[in-house]
Amino acid sequence: MADIVLSAVDKIFGSDRVVSNVDLTVENGEFFSLLGPSGCGKTTTLRMIAGLETPTSGDVTIRGQRMNDVPINKRPTNLVFQKMALFPHLDVFENVAFGLRLKRLPGAEIKRKVGDILDVVSLTGFEKRAVSQLSGGQQQRVAIARALVNEPAVLLLDEPLGALDLKLQLHLQRELRRIQKATGTTFIYVTHNQAEALSMSDRLAVMNGGKIEQIGTPAEMYLRPATSFVASFIGRTNLIEARIDNVTSGAAHLSHEGLPLSVPAEELGAGETVMLSLRPERIEIRAPGAEGIDATVTEAEFMGSTVLYRMKTASDRTLIVQTLADRAPLRDGESARIGWAPDAAVQIRQTSVAEDIE
């Protein structure tokens, strides 16, 4: 049985429909992320699962039970916010034990449960430490332990790493994934950070304008985006509109800048216009005179292991090209020969285009 099922869920605030007709299933034991820009409806969706908001229409079901009218304290969920709300007057042990004491569990059971969960989050030995003496990452793990010690069916996390520095974010991403696997608890994780969602999730949903644009594994979302929004929000891409020249053996053949491309036909016909996503790393910098086109570097961005170029073609089209940083980067104004394999692009549906959010 799925842990979470959302069926045709809408949420309206006044005249604003912030979540629209959301259908979503999260399986038992999944690490599932809701990804999208600010205002896309992902946090409101999480709050409806938690019980902090009530759907205007549709149903929220947790482990087979309809939850629309069930208060937050009666749901088998716990919520971790970006602001951890730890109790500064309590030590680590008592912060984690707080919910268990409210349940009036025996002292020995509380000690065992707190000890077990502190071991999972790698905080054994910190029981008597004041939370003010902990690092930001340690405090975040205390907040997660406090939520998990109550053994929720689903742990809900609302951008819990957003206030931390990048190095600590990367460390805690690995820690969260390890903790989720160790406990087997279903995690639903809200973020606007694409790299975060791709690195941690079993599956994710990309939201835009209150709707889900696509659900899939990280590889599916990056390699086979369904829409122009997903393609441009998850990583960088070149969006290409091209007319089909001909269709043979189930493949539609077309060209861009004079170079061939092909995609599965899927009932497409000659003369039709399609939208394609061509990832920057699928564009190659080739030797002078090789098959391809000439382009001029307008901007070079050194990124450590790779270099990101913006190049302008003879037709005044700008293409983003990403290569390994295995040689001195090309300079602004320098010319290069570029090309791509015929199967380098994927067909997508035209929707809104995401801003270039890192």
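## Helices α2 and α3

In this predicted model, helix α2 passes helix α3 in a right-handed crossing. The contact draws on Val-92, Phe-93, Val-96, Ala-97, Leu-100 and Arg-101 from α2, and on Ile-110, Lys-111, Lys-113, Val-114, Ile-117 and Leu-118 from α3. Sorted by class, the residues of this contact are 9 nonpolar and 3 charged, with no polar residue among them.

Helix α2 covers residues 92-102 and helix α3 covers residues 107-120, and the two pack at an angle of about 125° with their axes 10 Å apart.

## Helix α4 and its two partners

Helix α2 also packs against helix α4, here at an angle of about 30° and with the axes 7 Å apart. Angles under 35 degrees count as roughly parallel, so α2 is roughly parallel to α4. The crossing of α2 with α4 is right-handed, and in it Val-92, Asn-95 and Val-96 of α2 meet Val-142, Ala-145 and Arg-146 of α4. The residues of this contact comprise 4 nonpolar, 1 polar and 1 charged.

Helix α4, which spans residues 136-148, packs in turn with helix α5, residues 166-183, at an angle of about 20° and with the axes 11 Å apart. The two helices α4 and α5 are therefore roughly parallel to each other, and their crossing is right-handed. On the α4 side the residues that take part are Gly-136, Gly-137, Gln-140, Arg-141, Ile-144 and Leu-148, and they meet Leu-168, Leu-172, Glu-175, Leu-176, Ile-179 and Thr-183 of α5. By class, this contact of α4 with α5 has 6 nonpolar, 4 polar and 2 charged residues.

An open sheet is formed by 4 strands, which follow one another in the order β2-β1-β4-β5 and pair in the antiparallel sense. Strands β2 (16-26) and β5 (65-66) stand at the edges, and because each has a single partner strand, one side of each is left without a neighbour in the sheet.

Within this sheet, strand β1, made of residues 4-13, pairs with strand β4, made of residues 57-62, in the antiparallel sense and over 5 bridges. Ile-4 stands opposite Ile-62, a residue of β4. Helix α1, at residues 42-50, lies across β1, β2 and β4, and its direction is at about 115° to that of β1.

## The hairpin of β9 and β10

Strand β9 covers residues 203-208 and strand β10 covers residues 211-216; the two run antiparallel and are joined by 5 bridges. In this pair, Met-207 stands opposite Ile-212 of β10. The hairpin that β9 and β10 form has 2 residues between the strands, and Gly-209 there takes a positive phi near 60°.

## The three-stranded sheet

A further open sheet consists of 3 strands in the order β12-β13-β14, with antiparallel pairing. Its edge strands are β12 (246-248) and β14, each of which pairs on one side only. On average, and with direction ignored, neighbouring strands of this sheet are turned by 35° against each other.

Strands β12 and β13 run antiparallel and are joined by 3 bridges, and Thr-248 has Ala-251 of β13 as its bridge partner. Strand β13, residues 251-256, is joined to strand β14, residues 259-264, by 6 bridges, and these two strands run antiparallel as well. In this second pairing Ala-252 stands opposite Val-263 of β14. The hairpin of β13 and β14 has 2 residues between the strands, and in its turn Glu-257 has a positive phi of about 55°.

## Division into domains

The protein chain is divided into domain 1, which runs over 2-224, and domain 2, which runs over 236-348. The C-alpha centres of domain 1 and domain 2 lie 39 Å apart.

Notes. Residues are numbered from 1 along each chain as its sequence is written. This is a predicted model: local features need pLDDT of at least 70, side-chain atom pairs count only at pLDDT 80 or more; totals for chains, interfaces and linings use all residues. Side-chain values use heavy atoms; hydrogens and water are left out. Axes are lines fitted to C-alpha atoms, for helices over the stretch in contact, and angles run from 0 to 180 degrees between N-to-C directions. Angles under 35 degrees count as roughly parallel, over 145 as roughly antiparallel, 65 to 115 as roughly perpendicular and the rest as oblique. A crossing is left-handed if the near helix is turned anticlockwise from the far one by less than a right angle, and right-handed if clockwise. Contact means heavy atoms within 4.5 Å. Ala, Val, Leu, Ile, Met, Phe, Trp, Tyr, Cys and Pro count as nonpolar, Asp, Glu, Lys and Arg as charged, and the others, Gly among them, as polar. Domain bounds come from an automatic or database domain assignment. Two strands pair if DSSP finds at least two bridges between them.
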